[in-house]
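Please read the points below with the structure open beside you.

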Amino acid sequence: MLQHHILTILIFLPLASALVVALLPKGILNLSKGIALGVSLVQLVLGGYMFVRYQPSPGVHNINGFQFSERIDWIRLDLQGLGKLSTEYFVGVDGLSISLVLLSIVVLLVGVIASWSVEDRKRGYFSLYLLLNASIIGCFVALDFLLFYLFFEFMLLPMYFLIGLWGGPRREYASIKFFLYTLLGSIFILMVMIGLYASVIHPEATAVEMGLVGAGEFVTGEIIAEVQRLLQAGEIPADQMVKTFNLVYMADPANLVPGSFLDNDAVRMVMNYPARFLAFLCLFVGFAIKVPAVPVHTWLPDAHVEAPTPISVILAGILLKIGGYGLLRTAYLIFPDGALHYAWWIGLVGVISIIYGALNALSSQDLKRLIAYSSISHMGFVLLGLASLTAEGVSGAIYQMVSHGLISTALFLIAGVLYDRTHDRMIENYSGLAAQMPQYTVMVVIFFFASMGLPGFSGFIAEILVLLGAFGASTINGLLPKWMAIIAALGLILSAAYYLWTIQRMFFGKLHVKIQHGNNLPDLGKREILMLIPLAVLTLLLGIIPSTVLDLVNDSVTTFVDVILSTGMKNLQTP
Amino acid sequence: MIPIEHYYLVSAVLFAIGLAIVITRRNAVLVLMGIELMLNAANINFIAISQHAGVPGQFFALFVIVIAAAEVAVALAIIIRVYRHFKTINLDEVNEIKD
Amino acid sequence: MAADLLTPLPCSNITLLALIALMLPLLSFLLNSGAVARYAWQASIAACFFMVLSSLISMIILVHVWNGTTFHTRMTWFVLGETGHTIGLFIDNPGALMIFLVTFISLLVHLYSTQYMKDDPGYQRYFAFLGLFTFSMMGILLADNLLVIFVFWELVGFSSYLLIGHWYHQAPAARAAKKAFIVNRIGDVGFILGIAVLWAQFRTLDLETLKEAMSSSSIQGESWVTSAGIALDTRWLTFMGLGIFMGAVGKSAQFPLQVWLPDAMEGPTPVSALIHAATMVAAGVFLMCRVVVLLDMDALSVIAVTGGLTAFMGAIAALTQHDIKKVLAYSTISQLGYMLMGVGIGAPGAALFHLFTHAFFKAALFLAAGSVIYALHQYAHRHQLAFDAQDMRNMGGLRAKLPVTFIVYLVATLALVGVPMFSGFLSKDALLSASFGWSEAMASEGHRWTYIVPVFAFTTVVLTAIYMGRQVLLVFFGELRIKGPADGLKESSHMIKFVLVVLGLFSLGIVWSLDPFDYHASWFLTLMPIPASSVPGLEVFVLDTARANALDSHTVVGLISIVLVLLGFGFSWFKYRPRASYALGYQGRAGFSFLEQLSFKNWYLDPLYRRLIVNPLMSFSRAASRTEKAIIDKFIDVTGVGSVIFAHIVGWFDRAFVDGFVNFSVFFAGKVGVLAKSFQYGKIQNYIILAVLSTILIILLIL
């Protein structure tokens, strides 16, 4: 019972709680924090259950290979000449998503604790927070494009208000910038989604429609194969086709309607460009904005600097990963030919992000901005790993997402600690803090080194895997040239440079704080330690025993890489 | 026998006089009388042609006379109303349609 | 490929012992970092105890591998795709000797530090980090896999960062720590890339498997092909070797990355002894000895030349330093150059031998220097004097005040310079002969330029004698240059003296070889296996000839080196003897000639790098942030503002044209109406005229 509804509970529990919080009467507003915390704790327990019960298995392109899955017909519409529309409420996890779901649960919990000091309009704050919670989880588990898109867009609303209402001095600018940027990306995704919808059939529902099986009967694999054969032979009349948004069906080229817009056999040209490549590019741009990749990254530093600490945490810890995950789940799986065709460019964008982000971090005056740019630099590794399409590279990319989720969460908490005390984040205004705040300094050193990829922490495993994958790609599949890995490795030096320089300037030397009332700098409080210690333990655990995550991920990644390479090659060879 | 042309001539002169009265006089009653003249010019034509060509025109002449009588009755009534309203029967001053 | 070799290997008693020896320092780290401040002293004693245990275990291990057996335990760390990454312990003779060396010197440094650091507020932190360092260092020595070696490699750099920055509130220490880590990182990136080449080629990083895979690969034309058929350009073979060497360049402070080591002297002196003289910096040498069988001829030659050059450059820089520790630091750079040269010329055994003898005598020198500094500190403290206790210009004549320190210092100096009967003579002789033999063998192959390596090596012998002679003369002879009361300058506690004496004993030649003139008689070298290099395309016979040449020439080389040492000592006595003008004017010494500046400023490398690397990098970074603000963000903002302006234009268009059209039609209809209305002006007679005229017109038309 729990097995099949656990994901639904994960999504709808916060959604319902958001409603409850929004309707709380004035007298018991303090309860809103409690509810948010309670929801996150329940999610943590459910996440733990999932972690224990998850059986490593491929999933990816196998409709029955998803775990904890729940599948209900949602909308069926007869569009006459356009065929029939079918969308499903289809949720499930496989190796590509499970680690990110677990990461989200942890980061969201930390976010609630970090929000504990919010006193301003807390009813609104926490109900938006819960809304955000629901849409994040939904995004990672949705297996229907429409559902995915719904959650993806839904995230914007709470995020916009949380930055715009609870943010720093330039919050309006930042929140609008964030909103417009992401919305632009969404439009690209929406275009492709509609194109895909017109091109993909739902083989089971089509079988029912054609009368091959009765409604409600089990559709066997042979029947599906028969439907797909008939489809490719062009023997299914248009009014009997049931079109679908199902991501798994979309990934199977046998479900593509021959002659449709995104069919891979008869290549449609749009402005002298194959439509499938354009569609891949659209998806790539849409998600690259979220990742964010240079040059569509400038919303991130502003949003981070202006957002309140817990929102920065969510933003860096989870939202960026949705970009990477979206690429994996949609762009790569549906358009493997595009993935192969553009591998070089994606790798280049990754490398540029790594170096450019690091250079910007080096010249940042603001601690939070520095961390934001380091995020851009680290997320560049995700793109580079993905582009390599090797087991190491893709695992490294997923690992980097998880690892960066934990580390950047901690880094923004760290920046928040200082901001809470002095309302100033300028690096040059501090020096010698180690003497005044020893525990804080220990945490800073731990997480700065974790972020720069010191072995023993998760970041190292991720970055070394990506580098091995990117370098090895030249002998495995020849997608990336070797110099990309070499340039990317230089990013490691830069990250050491900006972090160590910051430590030296802010924490070492003689104690000196150039801010009024700057003498009131108590060391970490209990709540802050409670947030940072588990994160430190997790990063260490993932750094020392990488199999914790890699075992969950490995089967899916292997299948993912195989599927992309084989399908992509086949698609590219057809005219 | 008087040739038909003479009737035509009289009738045309009478019509022209009537028309001239209708166009030039400002007094509504005189205009009405001009119209009577024109109707009668027509009557002369009807009768003359019926006599000359043997078609039954008198019938129309009688008809015209009746109509003219009715017309005068109505027209005079209108003129009286106009007079009551505008305190004048000068047609130049009865021009409410303009502004 | 070679997948069967990557199966887990079971644990044996010896590897289990090694694991315990590895974990003890980690335990010490956890204990010392977790202990309550009140029990800091007890925790540090426990740390010493752990180190005792650890070195005892290493000794047991050493006994077991003495006859040449190796022990290897391996387990799967994580699986990726179909390939598993393993983690394991590998112990052979060099490894066992090294863990003994590290645990033993670490133990001595622990003991020494209990006295030296006892008044330091960061006492507890200091011992924790010592534990962390020892743990990571042992990890490098025991790991069987390049990836795991790299893990510990970086951890060593990290603990070195923490220990250099021990006195973080002093700006120079903070800067030095940062510099050390970043410079090491540069080397580490090379290391990663080297690993990446091996991974791309062989799909494994296990050293034993790599050796087999390497020997089964071959050179076919311009490509380097593995038995599995994966081909890379042969340049990548050299690239791989140089990449890994770059890691060693960083860690072992070789040219061009040696700039961090002198600055690292900002750390506490025992740390300098342990990390920046005896063990960590030697990790590069050890690593190169481990991977020497994977290197091709080009890489080896680069290593040899770099080593020789660094030996020379370091020795030059040591000539004019004033800081007692800086002299030793540059000397360390120079000696490390010797060792890497040894690796490059195909004599890794000799390199390791020198690593060992050097570890002991250099630790002795550093700790003795620490003893001097400590004594001067106490002296300054007692008499309320303010002077720099590390500056040799404030020293002089300490021979009488610190007799034990002096004797140990002298013994270690003689070992370092390479005087017969002391340990350094043996190992240095081995290296010098090897370098001579190598260049002869290479020259016979047509590479005459290789004579540069022995030239560097022999020149360095003279230079070493000069700078060490200078230091001993300036510190221990003559009169105390600082003016102050005569009393209160005395030898430190017994613990410090004990440690010094032990290290001094290990600097004697007799410990290493019963025949103090012939390194071949040394037990150490007999334990060193001659690496059977398996790299395709490597001209192994050259290295064999080199070894044979070295055997033939070692007597001559030994004699030459003795002459050179005497020459150097003579020069330094002449120039720096107590009554010479240099020594008399030393305290207030200022003005430098250009050559002296070149030496004092370490070949101007720091300003050079600042100008060539740091400044351009910072301007790149500023350019990036300007690009960010001035181009990308500006573009976004302009797009934003532009679309608002566009919206206004559209709005105006809407009002002016779309609305205008509607308004115009209304206006037009109105005008037409007015025109039409103008006929209806109420003159009834005009209507009649019109009607009549029209009728006439119609009639006329009809007719």
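What order do the strands of the open sheet in chain A have, and with what pairing?

1. This is a predicted model, in which local features need pLDDT of at least 70, side-chain atom pairs count only at pLDDT 80 or more, and totals for chains, interfaces and linings use all residues. Residues are numbered from 1 along each chain as its sequence is written, chains are lettered from A and ligands numbered from 1 in the order in which they are written, and side-chain values use heavy atoms, with hydrogens and water left out.

2. The open sheet has 3 strands in the order β1-β2-β3 (chain A), with mixed pairing; strands (E, at least two residues) and helices (H or I, at least four residues) are DSSP runs, numbered from the N terminus, and two strands pair if DSSP finds at least two bridges between them. Because β1 (67-78) and β3 (242-244) of chain A each have a single partner strand, they stand at the edges, and one side of each is left without a neighbour in the sheet.

3. Strand β2 (residues 84-93) of chain A runs parallel to β3(A) and is joined to β3(A) by 3 bridges, and A:Leu85 has A:Lys243 of β3(A) as its bridge partner.

4. Helix α8(A) packs on the sheet, where it touches β1, β2 and β3 of chain A, and its direction makes about 170° with that of β3(A); contact means heavy atoms within 4.5 Å, and angles run from 0 to 180 degrees between N-to-C directions, with axes as lines fitted to C-alpha atoms, for helices over the stretch in contact.

5. The axes of α8 (residues 203-210) and α9 (residues 221-232) of chain A come within 9 Å and cross at roughly 80°, which means that α8(A) is roughly perpendicular to α9(A) (65 to 115 degrees).

Methods: Angles under 35 degrees count as roughly parallel, over 145 as roughly antiparallel, 65 to 115 as roughly perpendicular and the rest as oblique.
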